[in-house]
Amino acid sequence: MKLRNPFVLLAGAALGSSFASRLDLAIITGITAFMKPIRAWAAAEIAEGDLDRWHALLGLDSASVPQEADLGVHLTPKHLATRYFGDRALLRRAHRVAARATLRRLVWESTLFSPAADAANRAPAWVDPNWAKDLQALEKARRQTQRALHGMKPLFLPYANAPFPAIGAPPASIAATERALAGVTRRPRLDLARITPGLERSLAIPLAETVTYWLRWQADSKVTAGARITESVSTESAVEKEVARDMARGDMARWDMARGDDDTEDTRDIGYARVIEPAHAPPGLPAIVICHGLGVEYETSGPPIAFARSLARRGLRIVMPEAPGHGRRRRKGLYGGEAFLRGQPVSGIRHLLQASAEAVAMIAWCRAAGSPKVALAGSSLGAMTAQLAAARVIESDLAIARPDHLLLVTPTGNLADLAFTSSLAIAAGLDRMVQAAGWTPDLFQRWSTLVEPPEDPPIDPAAISMVLGTNDTVTPYEGGLALTQRWQVPEKNLVIAGRGHFTSSIAMALPGSALDKLARALSSLD
């Protein structure tokens with residue numbers, strides 16, 4: 001397999017050595033350093049250049065900002081003025097970049113999902129040759145503005161030690177969780193017609209012997225996760241709600257920021273999935289539905305998209321749904337994945353129930369699109385989504401959505417402990433926040449049964465593959481090992497190496513990896 005990305009090539013060469021654990025440690029250190037800056041970046045997106053609004057969104061008062069007490073820095077009046085006007089300039093720049101990204105996205109949406117896109121439904125990947133170059137240019141411009149928007153994040157590094165939390169809203173209270181989940185003993189039964197209503201397909205964009213198009217639908221977590229779970233805990237802070245109302249009063253066209261007067265949070269959003277397949281795809285194309293991890297942004301992540309194209313060139317249909325709160329589904333003012341971290345444990349339950357339901361719908365869509373064989377894969381949070389999706393297919397008796405193979409990279413069979421022991425949760429300060437709210441692992445366990453993997457394997461264990469890293473501190477190795485034993489996964493289907501969490505996922509892009517073997521097996525089927 002040809003690897004085009006030099007970072008993946010360089011990192012992969014070292015994955016068999018002791019450097020792997022050092023690379024994981026460096027990634028965790030980088031994430032820890034970036035948590036508060038990206039919270040500041042996200043708040044700047046809806047501050048619209050207003051310094052006072054930005055400080056309010058971050059919970060900073062006028063006294064705490066100039067004193068810089070928590071930073072341990074003594075600032076003279078001259079430095080204070082520089083910092084003040086520098087912050088204003090930064091916010092204005094962030095506002096301009098965000099506005100350009102929004103405009104490009106709207107142009108992209110209106111073009112690719114225009115009435116002309118109805119013709120796309122006549123064939124798996126219909127491409128108008130007269131439009132190909134224009135569509136390629138449109139997608140390139142959209143990605144450039146998105147990268148420029150996310151490229152603003154390092155400019156907020158001076159706030160790495162600022163006195164505000166990396167997660168902008170507190171965990172759910174124990175009392176609110178008990179009121180919301182009292183009597184909820186099982187996962188909602190799935191109805192495929194209600195998971196992706198209004199599903200439509202975009203025009204296809206040809207690139208490097210493949211074509212890419214998108215699926216879009218009206219998503220509502222009330223349907224996929226249950227109304228009681230969805231409405232119980234808001235992922236918005238009081239200040240964010242007030243800002244949203246102020247912005248809506250000033251411009252009613254800002255429908256995505258508007259909120260009702262009753263303080264209820266809008267549970268609806270637009271779901272998206274990227275589909276990459278070979279140009280001139282033959283009938284009976286096997287497919288892989290890939291669920292991504294927490295904080296992964298396909299909009300700015302080159303290696304996953306490049307690797308998906310390499311799989312498509314081997315004769316596969318690759319479906320990559322965007323999880324709630326990520327990518328195009330990220331609400332303004334939140335960074336990718338922050339909605340999952342806010343309002344735990346209810347927010348985590350809601351996310352997994354919604355994301356797993358949509359993964360099930362994507363498997364069913366692949367079968368309807370002519371893929372007789374469909375595998376379901378996921379890494380980290382995506383692995384938890386995939387294992388839950390496979391279980392819900394059985395519980396809801398949805399034969400059309402049953403995966404033929406299940407590939408789980410760094411999974412766990414014990415979700416309840418992650419908020420307290422995961423190094424990623426510790427980096428975000430989530431462990432301290434949930435403990436301050438009175439939560440314990442035992443209390444989490446009481447409700448996490450709604451999203452924990454079942455005792456019995458959801459499909460034949462011979463069709464399940466797992467990848468574990470013995471140095472994994474994000475989804476600790478012991479939890480994944482316990483799941484392999486519970487499901488009696490054959491030893492030949494296990495890849496256990498002395499890697500950490502992130503290097504185990506990076507290794508999936510290498511020849512001979514579990515994903516490479518799965519792709520080879522699927523593409524060799526008649």
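Which residue lies over the face of Tyr213? Arg201 takes this position, at 5.3 Å from the ring centre. A charge is counted as over a ring if NZ of Lys or CZ of Arg is within 6 Å of the ring centre and within 35 degrees of the ring normal. The charged end of Arg216 also sits over a ring, that of Phe113, 4.0 Å from its centre.

The model is predicted, and local features need pLDDT of at least 70, side-chain atom pairs count only at pLDDT 80 or more, and totals for chains, interfaces and linings use all residues. Residues are numbered from 1 along each chain as its sequence is written, and side-chain values use heavy atoms, with hydrogens and water left out.

The structure holds 8 aromatic pairs. Rings of Phe, Tyr and Trp (its six-membered ring) pair if their centres lie within 6.5 Å; planes under 30 degrees apart count as stacked, over 60 as edge-to-face and the rest as tilted. Tyr159 and Phe164 form a tilted pair, 6.4 Å centre to centre with 40° between the planes. Tyr159 is buried (under 20% relative accessible area, with exposed over 50% and partly exposed in between; 1.4 Å probe, protein chains only), at 4% relative accessibility. Phe164 is likewise buried, at 3%. Ring pairs link Trp54, Phe156, Tyr159 and Phe164 into a cluster.

Phe420 and Phe444 form an edge-to-face pair, with 5.2 Å between centres and 75° between planes. Phe420 is buried at 13% relative accessibility, and Phe444 is buried at 5%.

Lys153 is in contact (heavy atoms within 4.5 Å) with Phe34, Pro37, Ile38 and Trp41, leaving aside neighbours within four places in sequence.
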